[in-house]
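Dear colleague,

I am passing a structure on to you, and I would be glad if you could look through it before reading my notes.

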Amino acid sequence: MPLAPSGLDAPQLVGRRHELATLGAVLDGAFTSRGPTAVELVGEPGIGKTTLLARLAQTAGARGALVLEARCSEFERDVPFGLFVAALDPYLERTGDVSSLDAEHRAWLATILPSVERHAVAVAAGPERHRLHRAFGALLEHIAARRGLVLAFDDVHWADPASAALLASLVRRRPAARMLLAVAYRPHQVGSALGPPFLEAAGEGLTKRIALAPLADGEAEQLVPPTLPEATRRWIRTESGGNPFHLRELTRAAVPGAAVSSAHAEAPRGDVPLAVREALVGETRPLTATSRRLLEAAAVAGDPFDVGFAGELAELPAPAAHAALDELLSADLVRRTEAPQAFRFRHPLVRRTVYETTSAGRQLSAHARAAALLTAGGAVPAALAHHVEQSARPGDGAAVDLLVRAGAEVLGSAPQTAARWLTAARRLLGQSADPEGRRPAVLSALAGALAAAGRFADSRAVLLEVQASLPASEAAARLAITVQCAALDRILGDHDGARARLVIALDDPAARDGVMLRLELTAHASLRSDFPAMRLHAVEALEDATALGDTVLCAAATAALAMADYSVGAFAAAGDSCGRAAELVARVDDAALRGRLEMLLYLGWAEYFLGSCDAALEHFTRGTEVARAAGSAILLIELMVGEALALGARGRLAEALDVADGAVEDARLLGSPQTLVWALFAQTTVLEAAGDPAAAVRAGDEAAAAAAALEPSSIVAGVGSALASALVATGEGTRAVAVLLELQGGPELPRFFPGQRAACYELLTRAELLRGRQDAAAAWAGRARAAAGDLPLAHAMADRAEAEVLHASGEPARAAVLALAAADATETLGLPVETARSRILAGRALAAAGDRDGGATQLREAEALLQACGSEHLRGEAVRELRRIGRRVNRAGRRGRPDARGAAALTGRELEVARLVAAGRTNRAVAAALFLSEKTVESHLANAFVKLGVRSRRAVAAALGDAR
C-alpha cells in the first residue's frame, strides 16, 4: 500500500506519488518476505531523499515496526562504525536488549558499541571486520524478531569506511529477519565500497532503487508562495531547477536576482547553486555575535551536536549558550531531536555553509578546544583523532603519538580510517628533524594500515621509503622490508617483479634473512607454476634454517618443502615432509606463528591435496585463529579458503559455506583481485558440492572475470577446475571443457599441481560425455590414469573417469567395479561427497547390469551420505536414480511430515538442534545440552539447513518462524 501522509512536522511533500507507492510496496514486501529487503533513495542534494525517508520511517512506525534512524555527516567520516553507533547505541542503552545474544557476538559488539560493553566479556583479539559484521547481523536479527525493524540511514555517501563496508555486507548477506534497510545517498558521491554492492544487489532484485528527479513545473509552483511577485516566483523556479530544497531556500531569501555580497561567500560547490549558497549565508547575517559563535562551534562539534559541548567550544557560559540556541531554533537553522540536549542542523548543506564560512582561525581553535575537552573527559584516542588531525601543528610529537594510537585502535575494524590518521601523523612529522625517532614506527604502521585497507601499491611505496632511510648497517631490517615488498608484489600479481627483487637481495644476506627470502621465492614460484624452482628454493631454505638451528624457520621451510614435493609429483616424499612439518609446527607457539603463518598454509595445502583433510583442517583452523589475532588480513583469507575447502571435503558443507562466504566478503573489503579470485574459487567449489550449481557458476564466472586481469598462476588454474565442475553440474559440457583448458593452459594442464590433474581429467571426461563425445571422453580418462601416479585420491578419480566411459559405452558391469573401487578409496580418506558421487555412478551401473538390488543399495548409501552433508542437488540425483529403477526412497527417521517444507520437514531432533542454534548456542553447547557428539550435531544442523533453505546459522531463527 502507498505510504500514508505524515502528521509530523516535516517539509511539505509535493508530488512523489509513484515514489510513495513504491516505498509502500517495498515495506510490505520486506515484512512479508515477498520482496527486496533494502531500498535506495538516490538523487542530488535537496531533491527530497530525506523527506521520503522520513515518510517511510513514520509509516513503518505507525504499523508497529521499530524504526532506528541515523544520518552520516560530511565532517565526521573517520569515526569507525559511526552510522551504526548513532542508530543502535541509544536504543540498546535504553533497552539493554542484548543479554540473550551469543556471548561471542556480544564480545565483538562491545568493541564498537558502548552500550554493549557492560553485557560482554572481553574479546581475545582486536576487532576483525568479518566477525564484527556477523555480530551486527545477529544483533539486527535479534532486534527485529519482535516487531520488525526499519533502519533508515540518510546521507550514506558520507558514511565512514567501516560503516560503508558493513552496509555492503548487509546488502550482500541479508539478515534473516523482518527488516528493511532504507538508505538515501547521492549516487555520484558514493564510494567504491558502497556503489558496486548496491548496483549488484539492485540487478539481482535484492534492493529497490528509487531515483528522484526534479519536480515538474506545476509541482514546483506549489512550493512558491503565490503572494510573491511573479518575477520573483519565476526567478525562484528557474534558479532552483525543480529541486525542492533549493526552492525553499530561495523562497526564504525571496530576493530576485540575488547577488553574492557576503564577504564569507565562496565559489559555489558542484552540488550547490550560487544563489542557494548565498541564500544560506544570508540566513546567518541577522544573528547576534553570540549566536553566530554557537552556530560555528556546533558546526565543528558534529551533527547532531550536544548544546553543552558546543557552548564550551564557543567559550560561552551556559545561560548565554541557551539564549543563543533559542535564537538558532527561532531562525530554523537548527532543530530539536529526541534527546533533550541534542540538536541538529536543518539540513547538511546548512552545516556545510556555516563550517566553510567560519574563519580558518576559529576552525583551528574550536577543533583544538574539542580535543582538549574530550581528553579531559577521558575519551579514547579514536574519539580525539578527528579534532587532533584538524588542529595539530607540524612537529607536534604528542599529536603524532595520539594519531598512531588511534590508528592501532581501529586497524582491525576500520583500516581505511587507520590509514588516514597515520597519513596525518606522517604529515605532522614532515621532513624536519626527528629527534624522538618516531618516523620509522609511523611509516611502518602506515604501511601496515595501507595494506590492510587494500592499498597494496601505496603500502609498498611507504615500505620502500622506510628502506631507503635505513643505513647500510641495518642489513637485516632492509632485507625484511624486501621480503614484505615481495609479498605485496605477489598480492598485486607482479610475480616476475617480486622474483627479481628477491634474487637481487640474495646476493649477500645474513643466513636468517636468506631463509626468509627463499621462502618468499618459494611462494612466487608456486603461483607461477614453476614447481621445480619452488622445490629448489624450499630445499635451500631448509638447509639454511637447519644450519641456524631455528625451530620456527625449520618448521616453515619443512612445510614449504612438503607442498613443493607434492607440486613436483613426489607424493611419498610430500607425505614424509608433512609428517616432519606437523611435528615441528606443534612445537611452535602461537606468538611465534604470527610471523611465519605461511607454514600453516603450506602444510595445510599439502595435507589437503594428499587427502589428509582432518589434519589440513586442524592446521588451517589454527592458522585462521592466529591470523585474526595478528591482524594478517591477506593470510587470514588464504587460510579461510583452505579451511572452507577442507570442511567441504569432509562433508561439513554448511560450515564450509559459512567460511567461504566470509572469505569472499573479507576479500571484497580488502580490494586485492588475486585474493578475491582465491576466495571465489573456494566459494565456487563448496557451492557445487553443497548442491547449488547455479550459484556456483555465478561465483565461478566472477572469479574467471577477475582472473582475466591477472598473470597465469596456480590460483587461476584452480578457478578453471572449480568453474568447470559447476558447469558440468548444470549440464554445460562444451563450456566446461573450454573454460578448464583455457585457465589451466591447455590439455597438459601445466598450471595446476600434478596431483590435481587426474581430477581435472575426470571432469573433462564427464563434460565430453555430456556432449555425446565418447571417444574424447575415453581419451581424457586415459590421461587421468596416466596422471594418477601413486596418489590414492588421484587413482580414485582415474577409476571414476574410466567407469563413466565404460558405463556410457555399454559395459556397466566393469564400470560398477571401478566406481565401487573409487568409492572405497574416498571413503577411506573420509571424503563423503566424493564417495557419494562414485556410489551414484556405481548404483546406476549395477542397475544397468541387472543388479537392481545392488544398485539400490549404493544409491541409498549415497543418498544418506548426501543428506547428512546437506548436498540437496546431488541427493536429488540419487533419489531420481532410485525412482528410475522403481525403488522407493526411505525417508523414515530423516524427515518430518511427508512433503512438508520448512520447519515442518524437520525431525524432532533436528528441530531441537535448530532451536538451540537459533538461540545463539554453539555446536559444542548444543552437543552438551542434548548429550550428543559435535559430529552428530553438525549432521542434524546440515539437514536442517537444507530443509529450511538457509545457508547460515543466523538465518535459522527467522526460518523457524512459529515453530520456535
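Predicted model: local features only at pLDDT ≥ 70, side-chain atom pairs only at ≥ 80, totals over all residues.

Residues are numbered from 1 along each chain as its sequence is written, and side-chain values use heavy atoms, with hydrogens and water left out.

The protein chain has 47 helices and 8 strands, these being DSSP runs numbered from the N terminus (H or I of at least four residues for helices, E of at least two for strands). Of the 964 residues in the protein chain, 57% are buried, where buried means under 20% relative accessible area, exposed over 50% and partly exposed in between, with a 1.4 Å probe and protein chains only. Among contacts (heavy atoms within 4.5 Å) between residues at least 6 apart in sequence, 65% join residues at least 24 apart.

Two helix pairs were examined. Helix H21 (residues 456-469) packs with helix H22 (residues 475-491) at an angle of about 165°, their axes being 10 Å apart; axes are lines fitted to C-alpha atoms, for helices over the stretch in contact, and angles run from 0 to 180 degrees between N-to-C directions. H21 and H22 are therefore roughly antiparallel to each other, since angles over 145 degrees count as roughly antiparallel, under 35 as roughly parallel, 65 to 115 as roughly perpendicular and the rest as oblique. Residues including Phe456, Leu463 and Leu464 in H21 meet residues of H22, among them Ile481, Cys485 and Leu488. The residues of this contact of H21 with H22 divide into 8 nonpolar, 4 polar and 3 charged, with Ala, Val, Leu, Ile, Met, Phe, Trp, Tyr, Cys and Pro counted as nonpolar, Asp, Glu, Lys and Arg as charged, and the others, Gly among them, as polar.

In the second pair, helix H39 (residues 792-808) and helix H41 (residues 832-848) have axes 11 Å apart and pack at an angle of about 30°, and H39 and H41 are therefore roughly parallel to each other. From H39, Met797, Arg800, Ala803, Glu804 and His807 take part, meeting residues of H41 that include Glu834, Arg837 and Leu841. By class, the contact of H39 with H41 has 5 nonpolar, 2 polar and 5 charged residues.

The largest nonpolar core has 225 residues, of which Phe153, Trp605 and Tyr608 touch the most other members; such a core is a set of buried Ala, Val, Leu, Ile, Met, Phe, Trp, Tyr and Cys residues joined through side-chain atoms within 4.5 Å. Apart from it lies another core, of 44 residues, with Trp235, Phe245, Phe305 and Phe345 among them.

Finally, here are some single residues. Trp108, in helix H4 (residues 103-110), is buried, with a relative accessible area of 3%. Ser713 sits in the loop between helix H34 (693-707) and helix H35 (714-729) and counts as buried at 2% relative accessibility; leaving out residues up to four places away in sequence, Ser713 touches Leu527, Ser529 and Arg751. Pro187, in the loop between strand S4 (179-185) and helix H7 (195-203), is partly exposed, with a relative accessible area of 33%. Although Pro187 and Glu44 are 143 residues apart in sequence, they are 7.7 Å apart in space, C-alpha to C-alpha.

With kind regards
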